[in-house]
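Please look through the structure below before reading on.

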Amino acid sequence: MVEKAVEIAPADGKLGILLVGLGAVSTTFVAGVEAIRKGTAQPIGSLTQMGTIRLGRRTDNRSPKIKDFIPLADLNDVVFGAWDIFSDSAYEAALHCGVLEKAHVEDLREQLESLKPMAAVFEHNYVKRLNGTNVKQGKNKMELAEQLIADIARFKAEKGCDRLVIVWAASTEIFLEQSAVHQTLEAFEKGLYDDDAAIAPSMIYAYAALKSGVPFANGAPNLSCDIPALTKLAEDTGVPICGKDFKTGQTLMKTIIAPGLKARMLGLEGWYSTNILGNRDGEVLDDPENFKTKEESKLSVLEHILQPEVYPELYKDFAHVVRINYYPPRGDNKEGWDSIDIFGWLGYKMQIKIDFLCRDSILAAPLVLDLALFMDLAQRAGMKGIQEWLSFYFKAPQTAPELYPEHDIFIQLMKLKNTLRHLQGEDLITHLGLEYYD
Ligand SMILES: NC(=O)c1ccc[n+]([C@@H]2O[C@H](COP(=O)([O-])OP(=O)(O)OC[C@H]3O[C@@H](n4cnc5c(N)ncnc54)[C@H](O)[C@@H]3O)[C@@H](O)[C@H]2O)c1
């Protein structure tokens, strides 16, 4: 039976996408949207732009494009803003990052040059490999948050935006665990006044977003809005949040292959993953404290997909190693090797080798677009707090504390599409095949 559709405010007017960090991912994202608007590129890799959604029974032949099924902001209504610790425009930053070919960047020069970053909230202690000068000064962290809140309001007014979304695509910060200052809003706000070291810049951005009523998506593995004080603030202010860490490259492959091995009840003895990359992200992750944040995010994936506690004969005690090596000649063109030791019938051993010559930011850019559009949709549909249905996009999906994250990309996709069906009052599709009984 068809459910009642959820009321969704129309996507009228302009949507401002504010990017924290104007590096490889952000500039590749902005350049791509500009090229699509110019009609010189297709939105490849973007589910919101290219994906379809099946409705009703297979025999109904109803499979509209997602963007025709649910009201998403039109790409022509999107405007960009950013913060970065370097004052380079998106044009200069794109040339520096070297993801896109020079001719490609030149073709979009005018659009990219007009995007200049606002001064950032940054502290060297959290990203020791970087030193920038486009940085805000304030007498404490609360004052810095207030400056961000003022930036957000000014951007909205100057660009004539109706709605905003913020996406963290800045460098990965050092590893931090939740502590007392993260537990309640009162403790957190006191910590902002006291300059508590456990409050990282990414948390200050998240706080400023929520205080401004702006959805916040976290594309890096740092905690950011994944702390009780901020998840509660998101609930209380009715603002959607999601994270963490864009699912690209090696982890994308892992979450495609591991569910397949499990589906066939093939055992796993070990999974060794190593990467070489030479972009600024790689340089930041070369610092052990920053790598630890990334490692935690990458390691959690297999345990959750394979469920060793349910299948001890197949998955108990498998070895899982993840390495990232900074190797400048490769730039953004990462190479990720996986050596996977599996076993089958009668315990016979087999091996799978993957050598993924990928381009990190080319894989990440469409995720930024989808997340921005879906987060805006979520807000217009009155969805608040953690948006678990967007786990599809993340390596370490943020969930409510009592839940474990879902990592299987196929379950994540089903959940995402069923959420869209639910919002529009369509039957959820369970692939149960009840038509056999008709
Ligand atoms: N496929 C991918 O590229 C991918 C996948 C998953 C996660 N990520 C994460 O996305 C983030 C961005 O990746 P990237 O390749 O674009 O990195 P990048 O180094 O090219 O860009 C990051 C930018 O953030 C800026 N920055 C650092 N701290 C800041 C702050 N406090 N405020 C404002 N700007 C700040 C830096 O100056 C830099 O320009 C990283 O955290 C990375 O780990 C990337």
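A residue counts as near a molecule if its C-beta atom, placed from the backbone, lies within 6 Å of that molecule. The model shown here is predicted. Of the 36 residues around the ligand, those that come nearest are Gly 21, Gly 23, Val 25, Ala 220 and Arg 280. H15 supplies the largest share, with 4 residues. Sorted by class, the shell around the ligand holds 20 nonpolar, 11 polar and 5 charged residues.

The next topic is the division of the chain. The protein chain is divided into domain 1, made of residues 14-246 + 362-423, and domain 2, made of residues 249-357. The C-alpha centres of domain 1 and domain 2 are 26 Å apart. Where the two domains meet, 27 residues of domain 1 and 28 residues of domain 2 take part in the contact. On the side of domain 1 that touches domain 2, there are 14 nonpolar, 6 polar and 7 charged residues. How many residues does the shell around the ligand draw from each domain? The shell draws at least three residues from each of domain 1 and domain 2.

Two helix pairs remain. Helix H8 (residues 185-194) and helix H10 (residues 228-237) have axes that come within 8 Å and cross at roughly 115°. H8 is therefore roughly perpendicular to H10. The crossing in which H8 passes H10 is left-handed.

In the second pair, the axes of helix H11 (residues 249-263) and helix H13 (residues 288-306) come within 9 Å and cross at roughly 20°. Are H11 and H13 roughly parallel or roughly perpendicular? Angles under 35 degrees count as roughly parallel, so H11 is roughly parallel to H13. The crossing of this pair, H11 and H13, is right-handed. From H11, the residues Thr 251, Lys 254, Thr 255, Ala 258, Pro 259 and Lys 262 meet Lys 298, Val 301, Leu 302, Ile 305 and Leu 306 of H13. By class, the contact of H11 with H13 consists of 6 nonpolar, 2 polar and 3 charged residues.

Conventions
Residues are numbered from 1 along each chain as its sequence is written. This is a predicted model: local features need pLDDT of at least 70, side-chain atom pairs count only at pLDDT 80 or more; totals for chains, interfaces and linings use all residues. Ala, Val, Leu, Ile, Met, Phe, Trp, Tyr, Cys and Pro count as nonpolar, Asp, Glu, Lys and Arg as charged, and the others, Gly among them, as polar. Domain bounds come from an automatic or database domain assignment. Axes are lines fitted to C-alpha atoms, for helices over the stretch in contact, and angles run from 0 to 180 degrees between N-to-C directions. Angles under 35 degrees count as roughly parallel, over 145 as roughly antiparallel, 65 to 115 as roughly perpendicular and the rest as oblique. A crossing is left-handed if the near helix is turned anticlockwise from the far one by less than a right angle, and right-handed if clockwise. Two residues are in contact if their C-beta atoms, placed from the backbone, lie within 7 Å.
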